[in-house]
Amino acid sequence: MGIRKKTNNKNPPVLSHEFVIQNHADIVSCVAMVFLLGLMFEVTSKFAVLFITVQYNVTISTNGPEETAVNHFHHGIKDLATTFFYMLVAIIMHAIIQEYVLDKINRKKHFSKTKHSKFNESGQLSAFYLFSFGWGASILLSEKLLSNPVTLWEGYPHTLMSFQMKFYFICQLGYWLHALPELYFQKTKKEDIPRQLVYIFLYLVHIAGAYILNLNRLGLVLLVLHYFVELLFHVSRLLYFSNEKRQTGFTIWAVLFVLGRLLTLSLSVLTVGFGLATSENQGFDLAAGNFNVIFVRITVLAAICLTQAFMMWKFINFQLRRWREHAQTQTLKKKQVPSKSKSKKDKANGVNGVNSHGADSPRARKEKSS
């Protein structure tokens, strides 16, 4: 399964660092294919199913004129195997987007090294945020969570999930886990690694926390909101790389970023601080998936508030840096304009001096004789 084109004519030693980096998509594809082939044989199918299909199925019969069976899912330790498989899928999709979309654009645009890495980052994240936002919004509409916000905390713990919601969280965890080996595969600069590790860690902690603590409904709403704002930022950056005059998207993103932080805090406090605090189902029950105790609520709110404060701090620093760079650019332009006009005046004065005091003029002959 050839995915990445080998542009380097040199053949690095097998299993060397360069060999793994050049062929990592093919290697991962072979590993994923092993799990898929395992479904074909009865001996290995039970093992392969753990990685490929969503586990912990619960069938519930609905009462009505026609009794129907509805499938729901809850979480468990076997989800780690499923997350691992879809992490492999995310690595393969990352390589496909990089090779057949981003690399072709890079070759046409001839970006600098700095713009090249930022363009690749925004290109990958734009594709992921667009897909995740659209998928998450469709789940919100089907679950009717937007039309009835009370369902965010009503009936907690929400141990049973629809297939789409559980698969969504599995794919989210798989994607952000794949970002860790991609730091090695993409030869990320050492100075960029701490920044990327921080936001990967924050995504994993918040998504896994919402999934394990059965706050999947609140987590889904906040993820869709956050992904929409981040999608706008990375699309604006892609447009900026194509034409540096296109900066309107950053202004819209700045407004929506602040509103997104306020809305995130409001929904979190409303759901965890008020909704769960006044719920009748209080207490800690690990078997039932109930974590509605004051310590857990305070921890969840503290984590969300600290994360939003950290993001606002980074946002303010980003805006101050942009304003500082803009001010420096304007200052340089103002300095260049007078210097150009002064040079033109000097040149004009020099020409006039030659004409008025030239070699053929009487004054010039007098000065020469004296």
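What you have open is a predicted model, where local features need pLDDT of at least 70, side-chain atom pairs count only at pLDDT 80 or more, and totals for chains, interfaces and linings use all residues. Residues are numbered from 1 along each chain as its sequence is written, and side-chain values use heavy atoms, with hydrogens and water left out.

**The overall layout**

Switch to a cartoon view. The protein has 10 helices and 4 strands, in the order α-α-β-β-α-α-α-α-α-α-β-β-α-α from the N terminus. Helices (H or I, at least four residues) and strands (E, at least two) are DSSP runs, numbered from the N terminus. Colour by burial next: 39% of the 370 residues count as buried, where buried means under 20% relative accessible area, exposed over 50%, and partly exposed in between (1.4 Å probe, protein chains only). Among contacts with a separation of 6 or more, 69% are between residues 24 or more positions apart; a contact means heavy atoms within 4.5 Å.

**Stop 1: the cores**

Select Tyr-129, Trp-176, Ile-207, Leu-220 and Tyr-227, the residues with the most contacts inside the largest nonpolar core, which has 61 residues. Helix α5 gives the most to this core, with 11 residues. Such a core is a set of buried Ala, Val, Leu, Ile, Met, Phe, Trp, Tyr and Cys residues joined through side-chain atoms within 4.5 Å. Now centre on Ile-207: leaving aside residues up to four places away in sequence, Ile-207 touches Phe-169, Gln-172, Leu-173, Trp-176, Leu-223 and Tyr-227. A second, separate core of 9 residues includes Val-229, Phe-233, Phe-257 and Phe-315.

**Stop 2: helix α2**

Select residues 42–52, which make up α2; its buried residues are Ser-45, Ala-48, Phe-51 and Ile-52. Why do they lie on the same side of α2? They do so because they cover an arc of only 120° around the axis, taken from the directions from the helix axis to the C-beta atoms. Their cover includes α1 and α3 (79–109). Turn to the face pointing away from the buried side and you will find the exposed residues Val-43, Lys-46 and Phe-47.

**Stop 3: a nonpolar surface patch**

Pick Met-33, Leu-36, Leu-37, Leu-39, Met-40, Phe-41 and Val-49, which together form a nonpolar surface patch with about 610 Å² of accessible area. Patch residues have over 30% relative accessible area and no salt bridge, with nonpolar side chains (Val, Leu, Ile, Met, Phe, Trp, Tyr) joined within 5 Å and like charges within 9 Å. A salt bridge here is a side-chain nitrogen of Lys or Arg within 4 Å of a carboxyl oxygen of Asp or Glu. Helix α1 (residues 17–38) supplies the largest share of the patch, 3 residues. Leu-36 sits in α1 and counts as partly exposed because its relative accessibility is 38%.

**Stop 4: backbone details in the loops**

Go to the loop between α2 and β1 (57–62) for Tyr-56. Tyr-56 is not a glycine, yet its phi is positive, about 65°; at 21% relative accessibility, Tyr-56 counts as partly exposed.

Finish at Pro-157, in the loop between α4 (113–143) and α5 (163–185). Tyr-156 and Pro-157 are joined by a cis peptide bond, with omega about 5°.

Note on methods: Areas by Shrake-Rupley, 256 points an atom, 1.4 Å probe, with all protein chains shown as cover.
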